Structure formats: C-alpha cells, structure tokens
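Subject: Structure handover

Hello,

Here is the structure for you to look through. My notes on it follow below.

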Amino acid sequence: MLAAGCSSDGGARPADDRSAGSPPAASASPPGSPSPSARSAPPAKGTVTVVSTLTEGLKSPWGLAALPDGDLLVSSRDEGTITRIDGESGEKAVIGSVPGVAPAGEGGLMGLALSPSYASDRLVYAYFTTESDNRIARMLYDEKKPAGQQLGAPDTVLRGIPKGTIHNGGRIAFGPDKMLYAGTGETGDTGLAQDKDSLGGKILRMTPDGQPVHGNPSADSVVYSYGHRNVQGLAWDSEKRLWAAEFGQNTWDELNLIEPGKNYGWPEVEGKGGRPGFVDPVAQWKTADASPSGIAVAEGSVWMAGLRGERLWRIPLAGAEPLADPQPFLEERYGRLRTVLAAGGNKVWLVTSETDGRGTPEAGDDRILQLEVE
C-alpha cells in the first residue's frame, strides 16, 4: 500500500492569489531536456509553483479544454454554459448554453473535449445530464456568430448513460488513438458497475461518432473497462497508457492503470483487495485525503485534483508503476480542486471547485490557476 506522504505545502487558503506556489519539497536534480525517448524518470520528490491566477469568478466550473490558440473553454456544471477564457488576459466570454442540460446534485454540464479534427471541423464535445440520462453530444463552435450564440445545436453521439443525483462520472477525452473515452458513474446503484450491459460504472471507448471501436472487448459495445464506482479523471502518459482516477466510498480512492476488458472491482472490492479476477489500483488514498476528480500527466507524473482532500497529488511514474509515494501540494490553499489539464512541458492548468454546493466560496472563487510543476 502506498502511503499518502507528507505535505510540502500547508496553511490556510489565501484570500486572493499570491502568485506564489508551494515551498519546494526536497527534490532530485531535474533531468534536463533530452528527447522524450531518452527522458529519465522524474525525481521522487517534486515541486509546484502557482505562477498566476488566470481568471476568477467562475460558477461551478467542471470541464476544461484548450483551444489551438492557447485560450480555454470551461463548462459550468450548474449553469449549463461554456465560457471562453483568454489564455493571456483571463478575460471571460460566454460562447453559448447547451440545450437540454438538467443540473441536479452532481449532474449537469461536465466534461469537455475538442474533436481531434478541430482545426477543420470546429466541433466541441460535451458530457451532460438531461432529464432522462447522461449523454455525450458535439456542437459546432462558430466564432463568427454573436457572443453567447456561438454554439450550434447538439448532435448526440451517445445517449443512455445512467443518471443520478450522485456518481454521474462526466470526464471525456480523446486518446492518442483519436477515439473518444468517457468515465461514468454507477449513480449510487452499485450493481450497475458489474453489469456489462449497462453504461454506468464504466470507462467507455467509442469513435468520434459514438460507435463501438474495433478492438474493444466486445465488438458491439462501447464498454472498455468495468467495475468502477465514479470515474472523473482520464489521462494518458507518454507511452500511451491510460490512467483513471476514481472515487471510493468510505475507505479508498483509487488511481488505476486501465486495460481493456478488465474488472476494477467495485462494489466487490474497494482499494487493494488482492482478489483474483479484479485489478487492484496502482495507488490509493483515504477518501478524506483525496476524493479525486480530474487528472493530467506532466513531467513524468500523474497530477490528481482532490475535492474533499483540497490538495493536488503528484504520483511520479516509473513505467506502469509509481516510483515513490504520492506527494500532496496546495493543501487547503485554494479549497476543492476539480480539474487538471496539461498545457505542454511543465505547464499545468488547475480549476478550483468551491461553488459546486459543497465548498465554502470566498472572494474570487472559482478560479483557474496556472502552475509550473516538476
């Protein structure tokens, strides 16, 4: 079992941005700048520096996607809108609302992803809750239209993902194979996670049109892995391995290495059970220390946002295994943390989540922070 490790950054949340990061933890010398194929393993201990607050005053931000020019799109779970954030100035502009979003509890407008062919098709994908289900739709983003009216009508690519007031999953991302992946939840109905005929409690893999992909475990199904409780983090490392973060119930949150067709245990196993037929997590945390949502891979580590834990976790990788215990940063400095997005090199975007109904918002919440990590 991996221990949580000691924090290198504590203290109360700042009332506003201090443009200063965690005090550096003890760390090895950085590996320099070799080619990716020759890159050495990351140091056992890392650092996080908060370079700046890009923007403030966001309401229930959830999904985040980076446009080719460096600007960002962020979804509002409870308002059902998508806002463009200038990547330099932080200026905000609502580009449109997504019709059919029915926010309630943990549901609403959640994950965002850009089409792999965005430069030519201008399609934005969104995962959202309706009155009847969770679904994934794509919309044309036309910047030439008036502000607030730049999103086309949703074209649903996948419907019928179970919905609930809790455990709606919601993260979507295009993988290195240009296929669309989605993390779903079991809505509190634990039996769905082991039911291969249900889309709940799964990681899904589909074409950009929402169809099963050749090479999926079942040729006629988008189900890629099962036995999940509530997956809100998806990211790939430099070797194209898929990692996923998952909420536990009362005992263990998980970071999993995902393989097609494998059973990740819920509700039969929570955390590392060592039972035949189930895949154990690569790392686990007490739920009070994590409650993980988004993840990203940068500088050879997985970076995992904690909601209840109010901290950013670093898990340095040596291939398919951690090379050291997870290390926490930014503990209780910015409140609940929802989404992490790699921005190239050692740059990472981090989205807070104090206005989601479970936080204690302060002036400026919610915000997007720009980090430099090692």
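Start with the charges over rings. Arg-229 sits over the face of Trp-266, 5.4 Å from the ring centre. Lys-286 does likewise over Trp-252, at 4.5 Å from the ring centre. The rule for a charge over a ring: NZ of Lys or CZ of Arg within 6 Å of the ring centre and within 35 degrees of the ring normal.

Some ground rules. This is a predicted model, in which local features need pLDDT of at least 70 and side-chain atom pairs count only at pLDDT 80 or more, while totals for chains, interfaces and linings use all residues. Residues are numbered from 1 along each chain as its sequence is written, and side-chain values use heavy atoms, with hydrogens and water left out.

The chain overall

The chain has one helix and 25 strands. Both are DSSP runs numbered from the N terminus: helices are H or I with at least four residues, strands are E with at least two. Of the 374 residues, 57% are buried. Buried means under 20% relative accessible area, exposed means over 50%, and partly exposed is in between (1.4 Å probe, protein chains only). The chain exposes about 14,300 Å², and carbon and sulfur atoms supply 48% of that area. Areas come from the Shrake-Rupley method with a 1.4 Å probe; for residues, only the protein chains shown count as cover. Take the contacts between residues at least 6 apart in sequence: 56% of them join residues at least 24 apart. A contact means heavy atoms within 4.5 Å.

Aromatic pairs

Rings of Phe, Tyr and Trp (its six-membered ring) pair if their centres lie within 6.5 Å; planes under 30 degrees apart are stacked, over 60 edge-to-face, and the rest tilted. That rule gives five aromatic pairs. One of them is Tyr-181 with Tyr-224, edge-to-face, at 5.6 Å centre to centre and 90° between the planes. Tyr-181 belongs to strand β11 (residues 180-183) and Tyr-224 to strand β13 (residues 223-226), so this pair ties together parts 43 residues apart in sequence. Tyr-181 is buried, at 4% relative accessibility. Tyr-224 is buried too, at 11%.

Trp-303 and Phe-329 also pair: their ring centres are 6.2 Å apart and their planes meet at 40°, so the pair is tilted. Trp-303 is in strand β19 (residues 301-306) and Phe-329 in strand β22 (residues 327-329), 26 residues apart. Both Trp-303 and Phe-329 are buried.

Four strands make an open sheet, ordered β10-β11-β12-β13, with antiparallel pairing. The edge strands are β10 (172-174) and β13, each pairing on one side only. The twist averages 20° from one strand to the next. Axes here are lines fitted to C-alpha atoms (for helices, over the stretch in contact), and angles run from 0 to 180 degrees between N-to-C directions. Strands pair if DSSP finds at least two bridges between them. Four bridges join β11 to β12 (residues 202-206). Ala-182 has Leu-204 in β12 as its bridge partner.

A loop residue

Glu-143 lies in the loop between β8 (134-140) and β9 (155-161). Glu-143 is partly exposed, at 39% relative accessible area. Leaving out residues up to four places away in sequence, Glu-143 touches Arg-84, Tyr-118, Arg-122 and Gln-150. Arg-122 is 21 residues from Glu-143 in sequence and 9.5 Å away, C-alpha to C-alpha.

Best wishes
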